[in-house]
Every structure is written in C-alpha cells, then in structure tokens.
Amino acid sequence: MQYRRLQEEWGAVVAKIRDLKGFSRFLLPPLYEDLQAAARHGPVIIFIASKYWCSAIIVPTSGEPHNVSLPSITLTELKNLKDRFARAIRDASTLGPKVPRNDLIVLLRIVWDEIMLPIIKVLEHVLNLKRHSRIWLCPTADFTSIPLHAAHPFLTKPDGSGKEPCLEDLYICSYAPTLSALVRSRQLMKKRGQPRAGESKELLAVDNEIELVRKIVPATVNRITISGDVQQLVPVTVNRTTISGDAATRAGALQALEENNWVHLACHGKQDPEQPYNSHFVMKDEPITLLDIMEKDIPHAEFAFLSACHTAVGDKETPGEVIHLAAGLQFSGFKSVIGTLWEVNDAYVEHVVKAFYENMFKGGVMDCTRAAWALNRATHAVKTKVPLEQRMVFVHVGV
C-alpha cells in the first residue's frame with residue numbers, strides 16, 4: 001500500500017512538472033522531431049559501437065533517419081584501432097616535420113574505407129548532399145577516440161589528374177558531444193542579444209599567442225545580430241581583455257570567462273582519465289577544472305579557441321560519455337569551440353592559429369558559426385608547414 005501511495009505521489013509531482021512551460025517532456029525520451037532540430041544546418045551522424053555490431057545513424061535535415069551498417073569493423077577492431085592511433089601519434093611526435101607519417105596514413109585509410117566511406121555514399125547518393133556542406137559527427141563508445149574527421153583515402157585518381165578527396169575536402173566537419181547540446185547551442189544563438197559597443201568584451205587571449213591574435217583580429221568588425229527572423233550586420237568595436245603572467249590566476253580567468261564573448265586560451269591543458277571533471281587548464285596559482293567551468297553561468301559566451309593539450313579527449317573508463325574540456329565549455333554556454341585531441345607542438349601551433357583567425361575574420365565579420373569553416377581552411381593552408389598529426393589535432397565542437 002505504501003509503495004502504491006508513493007507511486008501515486010510521484011506521478012502527481014511529475015504531472016505538475018510537465019504542466020510547466022518547457023517541461024512537457026520531463027523524464028520522457030525526446031521526440032525525433034526535436035532531435036532533428038540538431039540537423040537544421042546539416043546532417044548529424046551518430047556512431048554506435050557494441051559487441052553485436054557497429055553502425056551509424058544519419059539524422060538528415062528533413063525526413064527519416066538513415067541507418068548505415070559498418071560491417072567491416074567490429075568493437076574489438078575499433079578498440080585495437082584506438083590503441084594503434086595512440087601509438088602512431090606518439091611516434092609521430094618524435095619524427096622530423098618532413099618525414100612521412102606512414103603509420104598514421106595506414107590508419108586514416110582504415111577509417112576512410114571501413115567507417116566513413118559507407119556513410120559518404122549515403123550522404124552523396126541518397127541525401128544528395130552538396131560538397132563543402134557542413135556535417136556533424138556524434139561519436140559514442142570507442143568511436144570517441146578515433147579522429148573521424150581526418151579520414152583519408154590517400155589515393156591518386158584513376159586518370160592521374162590529382163589525389164582523391166578526403167573527408168575534409170568533401171565536407172566541413174564539426175563534432176557534437178550530444179544532439180541535445182547541439183540543439184541547445186542553436187537555441188541560445190537565437191536568443192542572444194546584441195552587446196552594446198564599448199561595454200561588451202569580445203576577446204580574451206592568454207599567454208604567448210596573444211600578440212599574434214591581437215595583430216590579426218581587427219579593431220572593428222561587423223557583427224551579425226538577429227531580430228526575429230531578420231539578420232543584420234552591425235559594426236562594433238572589439239575590446240580585449242588580456243590575462244597573462246602573474247595575472248593569469250584561477251579567479252581572474254574564471255571572471256574573464258564570465259565577462260567575455262570570445263575566448264582564446266593558450267595554456268597547458270590536462271585531461272584526467274580517471275576523474276574527467278577534474279580535467280583542467282593550468283593557471284598561475286591553481287588550475288581551472290572542468291567542474292569549475294560547468295558550474296559557471298556564462299550567458300553571453302559564443303566562441304572559444306582552446307590552444308592547449310587534450311581539450312577534446314573523453315574519459316577512457318566511460319567512453320560513451322563525452323566529458324572533456326571543449327564539451328564542458330559548450331555545456332556552459334559557448335556555442336562554438338575549437339579543441340585539441342592530443343598534445344600540440346608550439347613550433348607549429350602558431351601557423352594554425354594565424355591561418356584560422358585570418359579566415360575567421362575574412363570580410364570583417366565576427367560570427368562564431370564560421371569557426372568550422374575557418375578551421376577547415378586553416379588546416380588546408382598549412383599543409384606544407386605543419387605535419388599531419390599537428391593539423392588533425394584540432395577539432396571543432398558546436399554550431
């Protein structure tokens with residue numbers, strides 16, 4: 001009797017909550033039409049791995065989802081691939097910049113042939129997706145440790161006219177920690193207000209890259225504002241907050257994160273594989289943890305460039321949960337984030353940063369939704385200067 005009474009009380013409380021605005025689906029699975037909102041600007045590809053099979057589900061901009069079987073790869077092979085990538089990246093860091101990354105090339109061919117090619121066939125021939133369209137990759141389980149965006153056939157065209165295109169030649173790739181996170185970022189983009197010129201701080205840069213960023217970012221930009229369904233370009237002054245040296249404290253950086261719309265962090269980042277919420281950025285006095293960031297209210301946040309190590313790597317114990325520094329910033333309110341999958345080399349990172357911001361502000365427009373395109377252009381532009389593993393280390397997360 002007591003159990004039944006508690007069940008009835010529980011049901012009554014849940015019913016009251018569902019009557020509240022915005023809570024109609026409380027404790028219910030999301031509707032497909034709601035999840036499909038994540039694919040408004042391009043297909044979202046969810047990668048699924050289990051002991052029974054590996055597959056991908058493509059959520060298109062309209063219509064029913066498409067299931068793509070990946071019969072050439074098993075969960076055991078995926079785990080092995082993950083370990084081989086870790087070794088290949090580690091070995092590549094010891095090689096000279098002009099030495100071919102043969103081990104990496106072999107692995108990226110496997111990712112192309114066994115994982116991405118069946119998906120590309122559906123995108124091209126079923127969905128008729130145009131080249132250079134945006135796509136979002138949403139990996140789960142051991143797929144989270146595979147650089148899917150870097151899939152490459154490394155083949156010459158049959159007629160000898162050039163090389164076969166890789167995934168990033170075909171599409172602009174972004175990652176989505178979850179569909180709900182991507183939907184939330186899009187909703188926040190709609191609601192964002194226009195900061196008043198002279199009051200909003202637009203860019204935070206930290207450490208050695210600050211001067212490079214300051215030189216590239218223009219003093220005045222055209223900012224996209226949204227009023228209803230109307231977009232306008234409004235000129236604004238870019239105010240900069242700089243924290244470096246002794247001023248780069250935990251408290252100062254957390255305050256700056258709350259006050260700034262755009263953030264460039266050039267510091268050491270550390271992923272904690274055992275306790276992912278303890279993953280952190282190194283400051284002068286004490287670190288800023290992922291939990292610190294996720295607990296903050298950052299209402300005006302838009303874009304963050306995390307030029308630090310291991311900012312987009314998940315938890316090895318729970319690989320199905322995307323818990324890393326880049327995802328943490330997105331969950332905290334940043335709509336668009338650039339992160340890194342492994343250690344970045346200071347000798348090369350400035351080439352990528354320079355090319356990225358040059359493309360990001362091409363045309364004098366300040367728009368965080370250009371970040372994925374700007375990163376794509378940047379990694380293409382630095383091919384002759386930056387070795388393979390230091391180009392594919394950067395990934396885009398969010399809108």
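Let's start with confidence along the chain. Strand 8, residues 230-237, has the lowest mean pLDDT among the elements, at 48. Helix 4, residues 102-125, has the highest, at 97. pLDDT is the predictor's confidence in each residue, from 0 to 100. Helices (H or I, at least four residues) and strands (E, at least two) are DSSP runs, numbered from the N terminus.

Residues 193-202 have pLDDT below 50. Beyond near neighbours in sequence, that stretch has 25 contacts in the model. A contact means heavy atoms within 4.5 Å. Residues 317-323 also stay under 50. They have 20 contacts beyond four places in sequence. Where pLDDT is low, the predicted coordinates should not be read in detail.

This is a predicted model, where local features need pLDDT of at least 70, side-chain atom pairs count only at pLDDT 80 or more, and totals for chains, interfaces and linings use all residues. Residues are numbered from 1 along each chain as its sequence is written, and side-chain values use heavy atoms, with hydrogens and water left out.

Now the whole chain. Its mean pLDDT is 82, and 83% of its residues reach 70 or more. The secondary structure comes to 13 helices and 17 strands. Of the 399 residues, 50% are buried. Buried means under 20% relative accessible area, with a 1.4 Å probe and protein chains only.

Last, the cysteines. A disulfide is a pair of cysteine sulfur atoms within 2.5 Å. The count is zero. For Cys-166, the nearest cysteine sulfur is that of Cys-173, 8.5 Å away. Cys-166 counts as buried, at 8% relative accessibility. Cys-173 is buried too, with a relative accessible area of 8%.
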